Amino acid sequence: MKRRGLKERIVDLVRREGPIPFDRFMEMALYDPDGGYFGSGPLRSRAEGDFLTSPETSSEFGAVLARFVGMEFRRLGKPAGFTLLEVGAGSGTLLSPLLAALDEAPRTVAVEVSPAARQSLRMALPDVEVVADDRSLDPFSGVVIANEVLDNLPVAVAVRTEEGGWAERRVWCEGADLMLVEAPVRPEVLAWLDAHAADVPAGGVVECQLAASRWMGRMIDLLEAGAVVVIDYGDTSEGLLPRLRRGGTLRTYRAHHLSRHPLDEPGSMDITADVDFSALASAVAARGLRYRLSRQDDFLSELGLDSRRAELRQRELAEARGGDPMERLRLRSRVKEIDTLLHPRGFGDFRVLVATR
């Protein structure tokens, strides 16, 4: 018997239950174990896949984050059981250079929903604990790192009405096709919108990021002492406002390019939205932690990536004066990789939220 595809199962679901919230659709499209984009299938973040993140761009990204981990280890008094937790660890392209740059590797845990990525992690980093979710973890002292994770957490979608209220967009079907319909907004979504999207004008579309706030609360609950580091594309609520006026930030990627509408082929493409870092900071402050929000270029430069670039550039110039041509090309490539991490209109414009306890 032919197995039903993910889109067919979603159509069956909405026929049975009526229009479903977009965040429920997004959860299935990305994380369903039998057809979800991350929950099944091959490795996604790689040159042959659909997108690249900072760790795949340059190993210097993980190496410079090792300095932050070392600083936290010393700040906490070098506690026994100090733990490094990476959420959304992919194939280990961040953890591998990070752990190699540390004098002594801490207990390290990688949370990864993708079965293919978990297999790759276990092969590449046999000493790392690899788990599918964080439910089995006990509280610890250490550092949590989440690089380009929160942009993929499910979001509800709402539109500001001409009357000044809100309508929530849900997923319905017409025949075999999925479509968006407007419905009354759920109370928890309305509370988030009132707190973080009050200035959005009529017609503006907002991705309500309740799951991101819940995720941050869970990480804070796990952290007895230390830091949570969130790195992602996005901005403050105020900074996102022009994008929300233009129809929101929800988009899809496939083969390193913007792809089709998210309802067209669920499970076949990445679905993502800009992170509202003001909402995330509010979740941190509500738990009583301190936080700092900065740009990725500033954050990495403060950790020494600027100095590392200057060092590699000097070595490249030295090789140019009668040295090894191949070594010069390798050094030049590494300099260009760092330039990509720091580019003010690219990765450098990502935001970094550091919450500390």
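Helices α1 and α2 cross in a right-handed way, where right-handed means the near helix is turned clockwise from the far one by less than a right angle, and left-handed means anticlockwise. This is a predicted model, so local features need pLDDT of at least 70, side-chain atom pairs count only at pLDDT 80 or more, and totals for chains, interfaces and linings use all residues. Residues are numbered from 1 along each chain as its sequence is written, and side-chain values use heavy atoms, with hydrogens and water left out.

**Helix pair α1 and α2**

- The axes of α1 (residues 6-17) and α2 (residues 22-31) come within 11 Å and cross at roughly 155 degrees; axes here are lines fitted to C-alpha atoms over the stretch in contact, with angles from 0 to 180 degrees between N-to-C directions.
- That makes α1 and α2 roughly antiparallel to each other (the word covers angles over 145 degrees).
- On the α1 side the contact uses Leu6, Ile10, Leu13 and Glu17, and on the α2 side Arg24, Phe25, Met28 and Ala29; contact means heavy atoms within 4.5 Å.
- Sorted by class, the α1 and α2 contact has 6 nonpolar, no polar and 2 charged residues (Ala, Val, Leu, Ile, Met, Phe, Trp, Tyr, Cys and Pro are nonpolar, Asp, Glu, Lys and Arg charged, and the others, Gly among them, polar).

**Helix pair α12 and α13**

- For α12 (residues 305-320) and α13 (residues 325-342), the axes come within 9 Å and cross at roughly 155 degrees.
- α12 and α13 are therefore roughly antiparallel to each other, and α12 passes α13 in a left-handed crossing.
- Contact residues include Leu305, Leu312 and Arg315 of α12, along with Leu331, Val335 and Ile338 of α13.

**Aromatic pairs**

- Searching the whole structure turns up 7 aromatic pairs; rings of Phe, Tyr and Trp (its six-membered ring) pair if their centres lie within 6.5 Å, with planes under 30 degrees apart called stacked, over 60 edge-to-face and the rest tilted.
- One of them is Tyr31 with Phe38, a stacked pair at 5.8 Å centre to centre and 25 degrees between the planes.
- Phe38 counts as buried, at 10% relative accessibility (buried is under 20% relative accessible area, with a 1.4 Å probe and protein chains only).
- Ring pairs also tie Tyr31, Tyr37 and Phe38 into a cluster.
- Phe347 and Phe350 have ring centres 5.2 Å apart and planes at 75 degrees, so their pair is edge-to-face.
- Phe347 is buried at 13% relative accessibility, and Phe350 is buried at 9%.

Notes:
Buried < 20%, exposed > 50% of the residue type's maximum accessible area, 1.4 Å probe, protein only. Helix = DSSP H or I, 4+ residues; strand = E, 2+ residues; numbered from the N terminus. Parallel < 35°, antiparallel > 145°, perpendicular 65-115°, else oblique.
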